[in-house]
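Student: I have a model open and would like to learn how to read it, one feature at a time. Could you walk me through it?

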Amino acid sequence: MQIRVQLNENSYDVVINSGVLKQAGNELDLKRKVLIVTDGGVPAAYAATVASFCDTAVTVTVDEGEGSKSIKVWEKLLGKMLEEQFTRSDAVVAVGGGVVGDLAGFAASAYMRGIDFYNIPTTLLSQVDSSVGGKTAVNFGGVKNIIGAFYQPKKVLIDPAVLQTLDPRQKAAGMAEVIKMALCFDEALFAFIENAAPYEDIESVIAKSIAIKAAVVEKDEKEAGLRRVLNFGHTIGHGIEAQGGLYHGECVALGMLPMCAPAVRERLEKVLEKYHLPLSCEADRAAVARAAVHDKKRAGESIHLVQVNRIGTYELVTMKIDDFLKEYFA
């Protein structure tokens, strides 16, 4: 299955096919010098498979976790490319989850003002969300994704077979992003998630999620309006995530709950329970509030929020910071 993300000169294909990792040499232009970025939690065989197709492969394995999304690690990738004499005709390939994709993509965007970037996401969360849309970034000053660039990949390969090695908790965290998109855009997809056996027909679920995101990105590549909808659950979710201890998807799940109408929340809670996602956490409310108001969705003394009052629809709301804090943190 192939989905085209139509962005004029930045257009690219997302290939979704079980076993496509082993076909990377046919799908990607790897007959050159390639920086392969992966992390310690990803089976080493995945990066080795990609490396086997490259003329010259330089593999960098970063530490697993959000801590690797830093200026220091980003600088390490740039230094490695400089040391290995990468040129503008060379490429970067991310083999891993959202941290690896964001980090590698940002490095590709900056080196010599931009070299080719390919993404091979290996977690459910990155497959359905961060691999599409060109958001690349690192964290800085305790704020998530505050330094980065919009930089589209040349191609994305999604292999559902790699999910067999994924930790169940990571897999559940990925479902939070699927649930997010279904709540905002696709009532039928939400009903399927609600009623089907967990992870039934996952390839189709991934494809539907990517089709939703691609359609949004095509209309709003750089988040000037519609794309903000994809931040549903993220404002409070990022505030929770800044406290540590929970995965990104788990934080998004928690962040969606207060943004739903009561009837929607009731159904959402049951779905979150079904996929073993949290309904509450022990994070410090004041600390979450401080982090939330420094979110990228802030504009001056206001903040942009997404609410869901009926499944399959959304409402974009702008609130004053003081009103936001009173509404959700008082």
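Tutor: Gladly! Keep in mind that this is a predicted model. Let's begin with Val58, which sits in strand E4 (residues 56-62).

Student: Is Val58 buried or exposed?

Tutor: The cut-off for buried is under 20% relative accessible area. Val58 has 8%, so Val58 is buried.

Student: Which residues does Val58 touch, leaving aside neighbours within four places in sequence?

Tutor: Val58 is in contact with Val34, Leu35, Ile36, Lys80, Glu84 and Phe86.

Student: Now Thr38, please. Where is Thr38 placed?

Tutor: Thr38 belongs to strand E3 (residues 33-39). Its relative accessibility is 5%, so Thr38 counts as buried too. Not counting residues up to four places away in sequence, Thr38 touches Ala47, Thr59, Val60, Thr61, Val62, Val95 and Val100.

Student: What lies 2.8 Å from a polar atom of the Thr38 side chain?

Tutor: That is the backbone oxygen of Val95.

Student: And pockets? How much space lies in the second largest pocket?

Tutor: About 340 Å³. Of the 15 residues lining this pocket, Ile236, Ile240, Leu254, Cys281 and Arg285 are the closest to its centre. Helix H9 (234-241), helix H12 (285-292) and helix H13 (321-329) each supply at least two lining residues.

Student: How many lining residues of the second largest pocket are nonpolar, polar or charged?

Tutor: Sorted by class, the lining has 11 nonpolar, 1 polar and 3 charged residues.

Technical notes. Residues are numbered from 1 along each chain as its sequence is written. This is a predicted model: local features need pLDDT of at least 70, side-chain atom pairs count only at pLDDT 80 or more; totals for chains, interfaces and linings use all residues. Side-chain values use heavy atoms; hydrogens and water are left out. Helices (H or I, at least four residues) and strands (E, at least two) are DSSP runs, numbered from the N terminus. Buried means under 20% relative accessible area, exposed over 50%, partly exposed in between (1.4 Å probe, protein chains only). A polar contact is a pair of N or O atoms within 3.5 Å; within protein, one must be able to donate a hydrogen and the other to accept it, and residues adjacent in sequence count only if both atoms are side-chain atoms. Contact means heavy atoms within 4.5 Å. On a 1 Å grid over the protein atoms alone, a cavity is a set of points where a 1.4 Å probe fits but cannot get out, and a pocket is an open set with protein on both sides within 12 Å along at least five of seven lines; lining residues have an atom within 4 Å of a point. Grid points are joined across faces, edges and corners, and a volume is the space filled by probe spheres set on the points. Ala, Val, Leu, Ile, Met, Phe, Trp, Tyr, Cys and Pro count as nonpolar, Asp, Glu, Lys and Arg as charged, and the others, Gly among them, as polar.
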